[in-house]
Amino acid sequence: MKAKYAIAASLLISIGAYAQKDELKQMKKIVNKEQPTAEDLQKLKQLIDQAEPLMANADDKQKADFYYYKGNYDLVTAITKMDQNGIKAAIADFNKVLELEKTTKREYTKEITEEIYPEVSKGMLAIAKELGANQNYKAAVPLYEMAYELNKKDTINLYNAAAYAINAKDYDASLKYFEELDRLGFTNKRLSYTATSPEGEVQYFNDKKTRDLYIQTASYTNPGVHKDPSVRGDIIKNIALLYIQKGDKDKAMQAIAKAKKQNPNDIGLLSAESQIYFESGDMENYQRVIKDILNLGSKDPNLYFNLGVTSAQAGQKEEAKQYYQKAIEIDPKYAAAYYNIGVLLLDGEDAIVSEMNGLGTSKKDMARYDLLKEKRDAIYKESLSYVKKAYDMETNPENKEQFKALLASLYTGLDMMDEANALKKK
């Protein structure tokens with residue numbers, strides 16, 4: 001009885017193996033066609049469905065053939081429908097082929113890794129960039145992630161996935177990507193070779209040989225070298241801020257502390273640390289870290305401006321003014337710094353106006369009123385000189401309206417009605 005069952009089982013396996021080979025041959029004919037028709041694809045799908053249950057008894061070579069053909073079908077249909085899940089399925093199929101060919105003849109490995117994956121990646125990245133340009137960040141994220149999975153040497157794709165996930169407000173995904181980038185030690189520090197085109201535009205080349213060829217044959221000039229700044233500080237900053245977003249300040253500070261052990265004077269990391277303090281309302285430590293950055297030689301006017309803001313919030317009026325003036329010294333067109341000095345100078349003006357409004361009509365009160373008015377006008381005039389500069393040089397429409405409102409109020413307060421009326425018409 002057992003022998004009969006053994007013979008029957010053996011017969012079934014033989015029949016299955018024959019069916020597998022026949023179906024695989026038919027699949028191969030369809031896949032090898034230059035332009036498979038819709039009918040071809042439908043037939044290929046039928047063959048895949050028939051062969052898949054038989055794969056358990058197939059050898060590694062047959063399995064590799066099967067998943068290669070299935071991957072081709074999944075990829076073609078996914079691209080036709082712009083189906084991201086279909087692309088994922090195709091990649092999973094091809095990955096099975098790569099795994100199987102580690103122990104058998106490598107018939108498809110080179111084609112998959114050097115032709116199929118680069119082309120798929122190129123297509124996905126083009127779509128992802130277009131989606132990003134249209135601010136559809138959520139749809140772009142998985143495309144960047146898949147492009148990274150296809151070639152993990154292109155770590156920039158994982159960085160883009162992380163950045164787009166923030167824009168899509170998918171903070172959990174973004175944190176996962178940034179932590180992986182941190183683990184990999186990704187910095188994106190790259191060396192590019194530059195040259196100026198005949199139209200006067202600076203162009204970037206991945207290698208010196210190509211750049212030099214353009215100089216020799218296409219009238220490019222001004223050869224140079226460009227170094228991209230490290231994004232290491234940005235990665236740590238985003239990890240920390242994402243933990244802040246999740247309400248976990250301790251983990252945020254742990255991320256900063258870990259990175260600072262290796263690079264204690266990294267301005268990017270210190271900037272991230274300062275932002276954490278700012279986001280959590282710890283202005284004392286915020287100012288401390290900003291001063292550390294400035295002591296390292298930073299010439300960023302925004303840092304001085306931010307110190308001015310926090311000093312003003314802490315009631316340190318003179319210190320705030322000095323920081324704003326330092327920002328202007330570095331950037332003479334820093335409109336917001338001029339405006340903030342103007343606002344700072346008005347501090348205390350309310351008390352003067354309140355006292356003026358409370359005075360009577362006696363000779364003594366009138367004398368006091370004139371003295372207070374002179375004091376108030378002096379404040380207005382000094383403030384006006386800064387606010388007008390801010391208004392004249394500001395280009396942001398929203399800020400300009402804000403500056404205009406205060407400028408109009410100062411003109412009116414100083415009885416400069418011609419100037420006030422002219423401003424209204426602008």
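Predicted model: local features only at pLDDT ≥ 70, side-chain atom pairs only at ≥ 80, totals over all residues.
Trainee: Let's start with helices H5 and H6. Are they roughly parallel or antiparallel?

Mentor: H5 covers residues 109-133 and H6 covers residues 137-150, and their axes come within 8 Å. Those axes cross at roughly 155°. Angles over 145 degrees count as roughly antiparallel, so the word for H5 and H6 is roughly antiparallel.

Trainee: And which hand does that crossing have, left or right?

Mentor: On the H5 side, the residues in contact include Tyr117, Val120 and Met124. On the H6 side, Tyr137, Leu143 and Leu150 are among them. As H5 passes H6, the crossing is left-handed.

Trainee: How many residues of the contact of H5 with H6 are nonpolar?

Mentor: Leu125 and Ile127 of H5 are part of this contact, and so are Ala140 and Met146 of H6. Leu, Ile, Ala and Met count as nonpolar. Besides 2 polar residues and 1 charged residue, the nonpolar count is 15.

Trainee: Now the loop between H5 and H6. Which residue there has a positive phi?

Mentor: Most residues other than glycine have a negative phi. In the loop between H5 and H6 there is a residue that is exposed, with a relative accessible area of 61%. Its phi is near 65°, although the residue isn't glycine: Gln135.

Trainee: What is the phi of Asp415?

Mentor: Asp415 sits in the loop between helix H19 (397-413) and helix H20 (417-424). Its relative accessibility is 55%, and the cut-off for exposed is over 50%, so Asp415 counts as exposed. Asp415 is a residue other than glycine with a positive phi, near 60°.

Trainee: Let's turn to helices H7 and H8. At what angle do their axes cross?

Mentor: H7 runs over residues 156-167, and its axis comes within 8 Å of the axis of H8. The two are roughly antiparallel, and their crossing is left-handed. The angle is roughly 150°.

Trainee: How many nonpolar residues does the contact of H7 with H8 have?

Mentor: H7 brings residues including Leu158, Ala162 and Ile166, while Tyr177, Phe178 and Leu181 are among those from H8. Glu180 of H8 is in the contact too, and Glu counts as charged. Next to 1 polar and 1 charged residue, the number of nonpolar ones is 13.

Trainee: What kind of aromatic pair do Tyr338 and Tyr386 form?

Mentor: A search of the whole structure finds 14 aromatic pairs. In the pair of Tyr338 and Tyr386, the centres are 6.5 Å apart and the planes are at 35°. Planes under 30 degrees apart count as stacked and over 60 as edge-to-face, so this pair goes down as tilted.

Trainee: How many residues apart are Tyr338 and Tyr386?

Mentor: Tyr338 belongs to helix H16 (residues 335-345) and Tyr386 to helix H18 (residues 363-393), so the pair links distant parts of the chain. Tyr338 is buried at 9% relative accessibility, and Tyr386 is buried at 17%.

Trainee: How far is His226 from Thr194 in space, C-alpha to C-alpha?

Mentor: His226 is in strand S3 (residues 221-227), and at 27% relative accessibility it counts as partly exposed. Thr194 is one of the residues that His226 touches, along with Arg190, Leu191, Ser192 and Tyr204, not counting residues up to four places away in sequence. His226 and Thr194 are 32 residues apart in sequence, and in space the distance is 6.7 Å.

Trainee: Last one: is Asn188 buried or exposed?

Mentor: Asn188 is in the loop between helix H8 (171-184) and strand S1 (191-196). Not counting residues up to four places away in sequence, Asn188 touches Ile156, Asp228, Pro229 and Val231. The cut-off for buried is under 20%, and Asn188 has 13% relative accessibility, so Asn188 counts as buried.

Conventions: Residues numbered from 1 in each chain as written. Heavy atoms only, no water. Axes fitted to C-alpha atoms, helices over the stretch in contact; angles between N-to-C directions. Helix = DSSP H or I, 4+ residues; strand = E, 2+ residues; numbered from the N terminus. Parallel < 35°, antiparallel > 145°, perpendicular 65-115°, else oblique. Left-handed = near helix turned anticlockwise from the far one by under 90°. Contact = heavy atoms within 4.5 Å. Buried < 20%, exposed > 50% of the residue type's maximum accessible area, 1.4 Å probe, protein only. Phe/Tyr/Trp six-rings, centres within 6.5 Å; stacked < 30°, edge-to-face > 60°.
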